[in-house]
Every structure is written in structure tokens, then in C-alpha cells.
Amino acid sequence: MLSRNAKAAFYALAGPFMKLNGFRYRWLRAPRDGLLRIHLGPGQKNYIDGWFNVDANAFTGKCDLWADLRNPLPFHSDTADAIYSHHVIEHLPDIPAHLREVFRCLKPGGVYRVAGPNGDSAIAKFTQKDSAWFTDFPERRISIGGRFENFIFCRREHLTILTHSYLDELLTNAGFDDLRLCQPLVQTHHPILFKECLSKESESDPAYPHTLVIEAVKPA
Ligand SMILES: C[S@@+](CC[C@H](N)C(=O)[O-])C[C@H]1O[C@@H](n2cnc3c(N)ncnc32)[C@H](O)[C@@H]1O
């Protein structure tokens, strides 16, 4: 994991190139019709075949487009059938603006599956003093408070705390409808669209999932 300073330097240096790359893609190559499923932030291991994968990390991971998700998304309006994002939005400084972009790019009736660290579970497990639910990532921590802090802020990589009610509020404000909570790894309400995504997820505690997953629809 890059240090916070190294990441800031990377985004400062590479930001203008990523912006140009996204802009060029959107106006020269982005599809205007056909099936389009977009995976935002696949990271090092989660590239999905058959999806269009977008990430700022094109160096240690694989993606189809090198672009910065803090910018407007490099797709035409009303063109995506599905958009998938797993443990990404908590890294972004302006989630409402990002969700408005996701909404813009989806076709009417298109679906967004969004996932991130589950603040509700973390708060419950902290209150229950269940230290084992938390991990030593990214810092080795012994106290439950330190492990809780690991989970919530992840060495200051995470800029917010995602709870079910807050994510619902953000999605509703962006215009989404038909919001449905899903169990990570095993559940989707749109299997034709998201079946390949499930195998990229992981979960060791179905009762208190580490990941909060919601599917939301752009009204037709
Ligand atoms: C914690 S990783 C999650 C990777 C993968 N989705 C998973 O669940 O394992 C976050 C991913 O989001 C990407 N990311 C974070 N901020 C980004 C940004 N501003 N633009 C593009 N990608 C970004 C990172 O490069 C990284 O691949």
C-alpha cells in the first residue's frame, strides 16, 4: 500500500494526464449503444472480463481505461446497463458528485451495485467488544479501538463512514430508486447483470458483513 503522501504526489502528477485520457476516451471512443457494463476501481486483482474496467492504477493492476474517478465519468449519458463499484467510493472526496455521474451514465432502468466498508457492522462489533471481527490491516493494532480505527479510516485512505442509512440517503439524493441491500458474495437482485461480480467479493461474517452492498436503479 502506497503511503498517503506518495498517493497525493501520484494524483498531483498524473491527474492532468488521467483527465486528458478520460476526456479523449469519452469523446473519441466511448460507445453510444450496445451492452455496456462498467466496473469502477477493479484494483490489483478484480478485473472482470466482459466489463469495462476503469482505475487510476494501471501499473500494478489491470484496467481498460486509466482515469481518475474524481473527474466526470468518461462515458456518454444514458449508455450503461450496469455500473459496479466495490470498496472505491469511500476513497473519493466528493461522493454526491460521483453518484450523480454514475446516475448520468446509466441508461434509464440501469442498475448500480455499490459496496464499501460496513460502518453499521463495525459500530455493532466495536460495541460488542468483538476484536476478532476487525483485522490488522493496514496497521498492526492490539486494542479494539485501534482495530476499529483501521477499519473505518484505513490509514486515512477512507474519507467517510458508510452506513446503510447514509448510503441510501446519498443514492436517493442522486436520483436512484428501488434501493436494495444485498449480502456480499452471495446475493444480487439483478443476476443477469451482476453474476460475475459476486465471485470478486468476500465475506466471512454473514450476520455482520464487513461490506455494505446496495443495488439501486435509475428510474425508467
Ligand atoms: C481498496 S481498492 C478496491 C479494489 C477492488 N475493487 C476490490 O474490491 O478489491 C480501491 C481501488 O479504487 C481505485 N481508486 C481509488 N481512488 C480512485 C480515483 N480517484 N480514480 C480512479 N481509481 C481510484 C484504486 O486505484 C483501487 O484500485
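Author: First, the element names. Helices and strands here are DSSP runs, numbered from the N terminus; a helix is H or I with at least four residues, and a strand is E with at least two.

The model is predicted. Its confidence comes next. The mean pLDDT of the chain is 97. Residues at 70 or more make up 100% of the chain. Among the elements, helix α1 (residues 4-28) has the lowest mean, 96. Helix α2 (residues 95-105) has the highest, 99.

Now the ligand. The space it takes is the largest pocket. The shell around the ligand holds 17 residues. The closest are G41, D55, D68, L69 and H86. By class, the shell splits into 7 nonpolar, 7 polar and 3 charged residues.

Take the polar contacts one by one. H86 places a polar side-chain atom 2.6 Å from an oxygen atom of the ligand. H86 is also listed among the closest residues of the shell. N46 contributes through its side chain too: an N or O atom there is 3.0 Å from a ligand oxygen. G43 uses its backbone instead, with a polar atom 3.3 Å from an oxygen of the ligand.

Step along the chain to the backbone. Most residues other than glycine have a negative phi, and most peptide bonds are trans. Two places depart from that pattern. One is H87, with a positive phi of about 60 degrees although it is not a glycine. H87 sits in the loop between β4 (80-86) and α2. The other is the peptide bond from F137 to P138, which is cis, with omega near 0 degrees. P138 belongs to the loop between α3 (119-127) and α4 (144-153).

To recap the site: the ligand takes up the largest pocket. H86, N46 and G43 each place a polar atom by a ligand oxygen.

How values were computed
Residues are numbered from 1 along each chain as its sequence is written. This is a predicted model: local features need pLDDT of at least 70, side-chain atom pairs count only at pLDDT 80 or more; totals for chains, interfaces and linings use all residues. Side-chain values use heavy atoms; hydrogens and water are left out. A residue is near a molecule or strand if one of its heavy atoms lies within 4 Å of it. A polar contact is a pair of N or O atoms within 3.5 Å; within protein, one must be able to donate a hydrogen and the other to accept it, and residues adjacent in sequence count only if both atoms are side-chain atoms. On a 1 Å grid over the protein atoms alone, a cavity is a set of points where a 1.4 Å probe fits but cannot get out, and a pocket is an open set with protein on both sides within 12 Å along at least five of seven lines; lining residues have an atom within 4 Å of a point. A molecule sits in a cavity or pocket if more than half of its atoms lie within 2 Å of its grid points. Ala, Val, Leu, Ile, Met, Phe, Trp, Tyr, Cys and Pro count as nonpolar, Asp, Glu, Lys and Arg as charged, and the others, Gly among them, as polar. pLDDT is the predictor's confidence in each residue, from 0 to 100.
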